[in-house]
Amino acid sequence: MSFLRRAGRVAVASSIHGNVQRRQRTRWAAEDQARAAQAQPVPPIPDLPPLPQQAAPSASMDLKLEQLTKLGELKSAGVLTEAEFETQKARILA
């Protein structure tokens, strides 16, 4: 008789444990979805103005320096990653 009583308790405990796990997974999934919905979208990288093709060398250099300065500010503000910064810098200097 003791064996049947123990088996019954184990079955009830297992059922309760399964229900608790299921509720926790559901709650955690809902929390993850809520966090994802509240996450701010990553702003697009602003396009830099194109370099003029027939500008004087000093004007062209001034424009390049201005663009590089803006690019450095975006990187230091955390808008651009290191890879994005290097890509845009290469585009400006090319």
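User: Why is Gln88 called buried?

Analyst: A residue is buried under 20% relative accessible area, exposed over 50% and partly exposed in between, with a 1.4 Å probe and protein chains only. Gln88 has a relative accessible area of 18%, so this residue falls under the buried limit. This is a predicted model, in which local features need pLDDT of at least 70, side-chain atom pairs count only at pLDDT 80 or more, and totals for chains, interfaces and linings use all residues. Residues are numbered from 1 along each chain as its sequence is written, and side-chain values use heavy atoms, with hydrogens and water left out.

User: Where is the place of Gln88, and what does Gln88 touch, not counting residues up to four places away in sequence?

Analyst: Gln88 belongs to helix 3, which covers residues 82-93. Helices are DSSP runs of H or I with at least four residues, strands are runs of E with at least two, and both are numbered from the N terminus. Once residues up to four places away in sequence are set aside, Gln88 touches Leu48 and Leu71; a contact means heavy atoms within 4.5 Å.

User: How many helices and strands are there in the chain, and what pattern does the chain follow?

Analyst: The chain has three helices and zero strands, and its pattern along the sequence is α-α-α. Of its 94 residues, 11% count as buried. Among contacts between residues at least 6 apart in sequence, 42% join residues at least 24 apart.

User: What makes Glu82 and Lys75 a salt bridge?

Analyst: The term requires a side-chain nitrogen of Lys or Arg within 4 Å of a carboxyl oxygen of Asp or Glu. For Glu82 and Lys75 the closest N and O atoms are 2.9 Å apart, so the pair meets the limit. Glu82 is partly exposed at 43% relative accessible area, and Lys75 is partly exposed at 31%. Elsewhere, salt bridges that share partners link Arg27, Glu31, Asp32 and Arg35 into one network. The structure holds six salt bridges.

User: How do you know that Arg35 forms a salt bridge with Glu31?

Analyst: Their closest N and O atoms are 3.9 Å apart, therefore within the limit for a salt bridge. Both residues lie in helix 1 (residues 2-38), four residues apart, about one turn of the helix. Arg35 counts as exposed because its relative accessible area is 52%, whereas Glu31, at 36%, is partly exposed.

User: What separates Lys70 and Glu66 in helix 2, and how far apart are the closest N and O atoms of their salt bridge?

Analyst: Lys70 and Glu66 are four residues apart in helix 2 (residues 57-76), which means a separation of about one helical turn. The closest N and O atoms of this salt bridge are 3.3 Å apart. Lys70 has 38% relative accessibility and Glu66 has 41%, so each falls in the partly exposed range.

User: Which residues make the nonpolar surface patch?

Analyst: The patch of about 240 Å² is made by Val12, Ile16 and Val20. Patches consist of residues with over 30% relative accessible area and no salt bridge; like charges are joined within 9 Å, and nonpolar side chains (Val, Leu, Ile, Met, Phe, Trp, Tyr) within 5 Å. Val20, in helix 1, has 31% relative accessibility and therefore passes the 30% threshold.

User: Why is Pro44 called exposed?

Analyst: Its relative accessible area is 70%, which is over the 50% limit, so the term exposed applies. Pro44 is found in the loop between helix 1 and helix 2. Pro44 and Val79 are 35 residues apart in sequence and 8.9 Å apart in space, C-alpha to C-alpha.

Technical notes:
Accessible areas come from the Shrake-Rupley method with a 1.4 Å probe; for residues, only the protein chains shown count as cover.
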